[in-house]
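Q: I have a structure open here and have not looked at it before. Can we go through it bit by bit?

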Amino acid sequence: MKHFKKIACFLMAAAMCLSLTACMNADAPQSTTRTETVPEASVAPSATNGAAVTQQPVAFDWLTGSGTVEANVNRISEIADSRVVVTGTTALVGVKFTSAYQGEMTERIREMVAAEVMEADPSIQTVAVTAEGEDVDRVFEISDRLRAGEDANALSADINEIVRNATTLR
């Protein structure tokens, strides 16, 4: 009987260890809940003449990475759709609210959107967020033009005009 209790305790301890081991991997993205990866600024070594190698940040490619940032912004419960356009160190985000959200743009929403953008690209210094219908339509149009291959420098005046609106930048 003593051996049976020892074996039962050993088996219970082993089962507990296995279940805790499975919990240790809880931080990994789950394929059923999150399929895209969050972009992070990476560093690449710069070549030097025999001196120590220094790390320099690699610029975030907004043309290819904006979709991931937009998907992260769209996870905010009040937001149904968004677009991000960038000129220099300024990002402009146009958001469309879900039909269930009856409020307006709040400081909390602005801060959450700005945090997603700045997490993707730490070189961004200003994040302007708008939910004004006309401005959002223009942001979506600019985003479509950029994705179609139009030069970002040619559209920077349009972006800056929306950024300077009283309702956009606070």
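Q: Let's start with N72. Is that residue buried or exposed?
A: N72 has a relative accessible area of 6%, which is under the 20% cut-off, so it counts as buried. Keep in mind that this is a predicted model.

Q: Where does N72 sit, then?
A: N72 belongs to helix 2.

Q: What does the side chain of N72 make a polar contact with?
A: The partner is the side chain of R75, at 2.5 Å.

Q: And where is R75?
A: R75 is in the loop that runs between helix 2 (62-74) and strand 3 (79-87). Its relative accessible area is 41%, so R75 is partly exposed.

Q: Which residues of helix 2 are buried?
A: They are W62, G65, S66, V69, E70, N72 and V73.

Q: What covers them?
A: The cover includes strand 3 and strand 4 (90-97), along with helix 3 (107-120) and helix 4.

Q: Strand 3 came up there. Which strand is V86 in?
A: V86 lies in strand 3. With a relative accessible area of 14%, V86 is buried.

Q: What is V86 in contact with, leaving aside neighbours within four places in sequence?
A: V86 is in contact with W62, A91, I124 and I159. W62 is one of the buried residues of helix 2. V86 and W62 are 24 residues apart in sequence, and their C-alpha atoms are 7.2 Å apart in space.

Q: New topic. Which strand has V127?
A: V127 is in strand 5 (residues 126-130). It is buried, at a relative accessible area of 17%. The C-alpha atoms of V127 and V84 are separated by 9.7 Å, while the two residues are 43 apart along the chain.

Q: What about G149? Where is that?
A: G149 is in the loop between helix 4 and helix 5. Its relative accessibility is 60%, so G149 counts as exposed. The C-alpha atoms of G149 and L63 are 9.1 Å apart, although 86 residues separate the two along the chain.

Q: Last one, the whole chain. How many helices and strands are there?
A: The chain has 5 helices and 5 strands. Along the sequence, the pattern is α-β-β-α-β-β-α-β-α-α. Of the 170 residues, 29% are buried.

Q: And what share of the contacts join residues at least 24 apart?
A: Counting contacts between residues at least 6 apart in sequence, 57% join residues at least 24 apart.

Note on methods:
Residues numbered from 1 in each chain as written. Predicted model: local features only at pLDDT ≥ 70, side-chain atom pairs only at ≥ 80, totals over all residues. Heavy atoms only, no water. Helix = DSSP H or I, 4+ residues; strand = E, 2+ residues; numbered from the N terminus. Buried < 20%, exposed > 50% of the residue type's maximum accessible area, 1.4 Å probe, protein only. Contact = heavy atoms within 4.5 Å. Polar contact = N/O pair within 3.5 Å; in protein donor to acceptor, adjacent residues only side chain to side chain.
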